[in-house]
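Here are my notes on the model, as numbered points. Please read them with the structure open.

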Amino acid sequence: MDRMHTGLRSDMDMNATDLSALRMLSIREQRGELVKPHDLARHLGISSASTTKLLDRLAKEGFIEREPHPNDRRALVITLTDSSRRDFGRHFAARMSRMRGAMDPFSPDELDTVTRFLAGMSDAMIAD
């Protein structure tokens with residue numbers, strides 16, 4: 001994952017935080033979930049001030065838009081622009097295709113075992 005993100009950062013000429021923000025927005029969008037600035041700050045582990053700077057930078061570069069929340073007039077939601085969605089999708093899709101190809105030789109049961117193992121390792125690394 002680190003190497004994939006390094007390649008994406010290089011391809012898209014972005015820093016790690018910007019790329020993580022776009023990735024989170026893309027995933028949440030695919031799930032049909034709205035993202036508020038606070039959600040992004042919590043996901044990235046950054047302050048409100050840093051989030052504002054991040055959003056200002058991404059908006060200026062044409063990656064995101066701030067829009068009124070459909071149900072809460074006090075809140076904003078962050079969305080990818082069409083061009084950002086295409087660009088991010090194009091760069092990410094090629095990598096995802098190669099990753100899916102690498103999974104093809106494995107059965108669903110084998111992939112379940114690997115998933116359980118990786119989840120356990122992830123939990124072990126973040127345990128207090």
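1. Start at the end of helix 3. Gly-45 follows this helix, and its phi is positive, near 70°. Helices here are DSSP runs of H or I with at least four residues; strands are E runs with at least two; both are numbered from the N terminus.

2. Ground rules. This is a predicted model, in which local features need pLDDT of at least 70, side-chain atom pairs count only at pLDDT 80 or more, and totals for chains, interfaces and linings use all residues. Residues are numbered from 1 along each chain as its sequence is written, and side-chain values use heavy atoms, with hydrogens and water left out.

3. Overall layout. The protein has six helices and two strands. Along the sequence they run α-α-α-α-β-β-α-α. Of the 128 residues, 28% are buried (under 20% relative accessible area with a 1.4 Å probe, protein chains only; exposed is over 50%, and partly exposed lies in between). Contact means heavy atoms within 4.5 Å. Among contacts between residues at least 6 apart in sequence, 44% join residues at least 24 apart.

4. The surface. The protein exposes about 9,000 Å², and carbon and sulfur atoms supply 52% of that area. Accessible areas come from the Shrake-Rupley method with a 1.4 Å probe; for residues, only the protein chains shown count as cover.

5. The core. The largest nonpolar core has 18 residues, and Leu-22, Leu-40, Leu-58 and Ile-64 have the most contacts inside it. At least two residues each come from helix 2, helix 3, helix 4, strand 2 (76-80) and helix 5 (82-103). Helix 2 gives the most, with five residues. A nonpolar core is a set of buried Ala, Val, Leu, Ile, Met, Phe, Trp, Tyr and Cys residues joined through side-chain atoms within 4.5 Å.

6. Which residues of helix 3 are buried? In this helix (residues 37-44), they are Asp-39, Leu-40, Ala-41 and Leu-44. Their cover includes helix 2 (16-30) and helix 4 (48-60). Leaving out residues up to four places away in sequence, Leu-40 touches Ala-21, Met-24, Val-35, Leu-54 and Leu-55.

7. Helix 3 on helix 4. The two pack at an angle of about 110°, with axes 10 Å apart. Helix 3 is therefore roughly perpendicular to helix 4 (65 to 115 degrees; under 35 is roughly parallel, over 145 roughly antiparallel, the rest oblique). Axes are lines fitted to C-alpha atoms, for helices over the stretch in contact, and angles run from 0 to 180 degrees between N-to-C directions. Pro-37, Leu-40, Ala-41 and Leu-44 meet Thr-51, Leu-54 and Leu-55.

8. Helix 2 on helix 4. These axes come within 11 Å and cross at roughly 80°. So helix 2 is also roughly perpendicular to helix 4. Thr-17, Asp-18 and Ala-21 meet Leu-54, Arg-57 and Leu-58. The contact holds three nonpolar, one polar and two charged residues.

9. Asp-18. Setting aside neighbours within four places in sequence, Asp-18 contacts Leu-54, Arg-57 and Leu-58.

10. Arg-28. This residue also sits in helix 2. Apart from residues up to four places away in sequence, Arg-28 touches Glu-33, Val-35 and Asp-39. Its C-alpha atom is 9.7 Å from that of Thr-79, which is 51 residues away along the chain.

Methods:
Nonpolar A, V, L, I, M, F, W, Y, C, P; charged D, E, K, R; others polar.
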